[in-house]
Amino acid sequence: MNLLTVENIAKSFGELVLFDNLSFGINKDQKIALIAKNGSGKTSILNILSGAESPDSGQVNYRKGTRVSFLEQEPKMDPNLTIEETIFASDNEVLKVIRTYEKALNNPEDAEAYQKAFEAMDRFSAWDFETQYKQILFKLKLEDLNLKVGLLSGGQKKRLALADALINKPDLLILDEPTNHLDLEMIEWLEQYFAKENMTLFMVTHDRYFLERVCNEIIELDGGQLYPYKGNYSYYLEKKEARQEQEAVEHHKSKLLFKKELDWMRRQPKARTTKSKSRIDDFHAIKEKANNRRKEHEVQLEINMTRMGSKIIELHKISKAFPEKPILDQFDYSFTKGERVGIIGKNGTGKSTFLNIIAGKGQPDSGKVVIGDTIKFGYYTQKGIEIKEGQKVIDVIRDFGDYIPLSKGRQISAQQLLERFLFDRKKQYDFVEKLSGGERKRLYLCTILIQNPNFLILDEPTNDLDIVTLNVLESFLLDFPGCLMVVSHDRYFMDKIVDHLFVFRGNAEIENFPGNYSDYRAYEDSQVLEKREQKENSNTNSKNSWKAESKTGTKLSYAEQKEYNQLEREIQKLENKKTKAQNEFTNPELSGDDIAELSKKLQQITSEIETKTERWFALSAMLEG
C-alpha cells in the first residue's frame, strides 16, 4: 500500500541547486534510508516530506488519513512543558484517554469521572499502551516525567522528541539522524524496537550497523540522481560497486573507497553473538585477533609525523568526581606507541571528562598526568569550529597549517587534504557560512589533521558526517601511525579503527577490554548465555521439580514454573533457527529480494529471542528470590 508519492521535486538556495526533478514513493512496511554526501540536500528532502518546507517545484502526495511523525536533528519543543506534558500534547487519542484517567486518579472524590475514565481505558485498550510508553521513556533515560523541557540538554531533547515520535505510532516515521545523542545501549534497543514494530520508516543516518540491521531498502542521491537498492547496507555496497564499474566516467578514488568498504564487510562475521561453549575466555586470543586486523591494513598514506619518544602519557592514580557522581578512582594507565583506544559507556559516565583530563583541558581532583615531551595533541571536540564572518574554506585550514609531511620528502598540501575530504577546488573558495552542518564538521576535522598531531583524540567525530566522508576518515585513521583515542557511538567506525576499549560502566568503574566493539558484545552476550545455560543445567526436568522448588522458598506458581521450563526449550529452538538463518546468507545465488526477506526473518527471530530471554530472566530472578 502506497503511503506517499514524491513527484518531480526541486530545491535551490540562490545559485546552489541541491536537487531537481526527484521522484520516488514510500510503501507500507518499507524501512528506507536516504544516503548522500553532506550538502546534497538530505535534510531538505526530509523537511519537504514532513511539510516543514515546500519544494521550489513538484509535489508530495500522501495517502488520505496517513499519520506522520518527524524527528528533526534539532527538535523544537515548548520549554515550559514537562516531559510528560510534552508526550500528552500530541493528537494521539489513546494518550488523551490515559491523561484523562491519570487526572481522575488524582481526584478520587469524583467517582463518576473515574468510572468513565476507567471504561475508556478498557475501550481503547490503553492499559498496555501506558506500559509501553513509560518503557520507551525509561529506555531513553527520561525517567523524571516532571522535568521541564527548558532544563533538558540538547541530547535529552532529541531523545524526548524520539520518544514522542515512537509513542505516537505513526503510519510513517521520518527520522533525521536518529542515533545521534543515543548511547550504544539505546541504539541497540532502538534496533530491536524497529525489528518488532510494523512501522514504515524513512531516515537519514550515518550509522552503518543501524542501516544493516534496520533498513530493507536504501536510496542513494548521487550527482542529482536517485538510485534505489532493495536490500540492507551490505547489499547496497555490493550493487553500488557493480554500478560504478559499469559507469566509465566514475571517479577512480570513489571506486576504491567502496571496494575497500565492501571487502571489509565481507570479512566480518555474520553473527555477533556466540554460545558459551565457544566463548572467548582468553583475552589474549581477542588481542591477537585485534592485532591481526591491524596488520591486514595496507598503508596508503605514509604520514611522517613528529617522532614520539619512549614516554607517551602516564596516568598515576587519577581521581575525578562531581557531586554524587564518581568518574575516576585511582585510575592508572601508561600509553604505548601506536595505541588505538575506543571509549564506550552510557551517557554521563565521564567519557568526555576523561578526554579533557588527558588533553589538559580539565584537571583531576587528585593524581598526576605525565605527558611525554614529544607529544603533540590533536583534539576534536563536540563543540566544533568557530566560524569567522567572511572567511573562506581554504583560509580556515591555512590558519592551522599549510601541509602534512609524508615519507621521502613528499607532502599533502592544505588544498589536497580538503580534496581528500570531499571539498573540490570550487568549494574551497566558498564562504564558510554557506556550508551545511556536516560540511563544517568535515572542515573542523581537516583543521585538526593539518596540524600533524601524533596523539589524536576524537570525541564523537562521526556525528553529522555522511557515509562517504566516514569512509575517507576511516581510511585516513587506518594510515595514521600515532596514538588514537576515540569516543563514538558508531559501532561500525569503532570496529574498524580501534584495537582495545576502555569500558566506562559508571561509578568510576573502568574496564580495559582487549578487542573492538563487536568482540566486546560477543563476550558480553556469551556471559549472558552462559548464565542461562548454567541455570538450565542446575534445574531438573522432572515433572515434580516445581514441587521441590516450592519447598525451598520459590515464588513461582505452578503455571509460572511451567512457563519457565517451556521458555528454556523455546529459546534454544530459536537460537538454532537464528544460526540456520545466518548461514543462509552465505548462499551466493541469493537475489536482492531474498536478502531483504531473509534480513526481515532474522530480525523477527532475534526480537523473539530478546523478548523470551527478558521474561526468562524475570522468572529466574523470582526463583532466586
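Modeller: Let's start with the side chains: Phe 129, Tyr 133, Ile 136 and Leu 137 of helix α5 meet Ala 163, Leu 166 and Ile 167 of helix α6. Contact here means heavy atoms within 4.5 Å. By class, this contact has seven nonpolar, no polar and no charged residues. Nonpolar covers Ala, Val, Leu, Ile, Met, Phe, Trp, Tyr, Cys and Pro; charged covers Asp, Glu, Lys and Arg; the others, Gly among them, are polar.

Please keep in mind that this is a predicted model, in which local features need pLDDT of at least 70 and side-chain atom pairs count only at pLDDT 80 or more, while totals for chains, interfaces and linings use all residues. Residues are numbered from 1 along each chain as its sequence is written, and side-chain values use heavy atoms, leaving out hydrogens and water.

Two packed helices are described by the angle between their axes and the distance between the axes. For α5 (residues 126-139) and α6, the angle is about 155° and the axes lie 10 Å apart. Axes are lines fitted to C-alpha atoms, for helices over the stretch in contact, and angles run from 0 to 180 degrees between N-to-C directions. The helices themselves are DSSP runs (H or I, at least four residues), as strands are (E, at least two), numbered from the N terminus. α5 and α6 are therefore roughly antiparallel to each other; the cut-offs are over 145 degrees for roughly antiparallel, under 35 for roughly parallel, 65 to 115 for roughly perpendicular, and oblique for the rest. Their crossing is right-handed, a name used if the near helix is turned clockwise from the far one by less than a right angle, with left-handed for anticlockwise.

Now follow α6 to another partner. The axes of α6 (residues 154-167) and α7 (residues 184-196) come within 13 Å and cross at roughly 15°. That makes α6 roughly parallel to α7, and the crossing is left-handed. Arg 159, Leu 162 and Leu 166 of α6 touch Met 186, Trp 189, Leu 190, Tyr 193 and Phe 194 of α7. This contact has seven nonpolar, no polar and one charged residues. Leu 166 takes part in the contact with α5 and also in the one with α7.

The whole structure has 26 salt bridges.

Strand β18 leads us to a sheet. Six strands form an open, mixed sheet in the order β14-β17-β18-β12-β19-β20, where two strands pair if DSSP finds at least two bridges between them. β14 (377-380) and β20 (509-513) are at the edges with a single partner strand each, so one side of each has no neighbour in the sheet. From one strand to the next, the twist averages 15°. Inside the sheet, β12 (residues 340-345) and β19 (residues 500-506) run parallel, joined by five bridges. Ile 343 stands opposite Phe 502 of β19.

Definitions and conventions. Salt bridge = Lys/Arg side-chain N within 4 Å of Asp/Glu carboxyl O.
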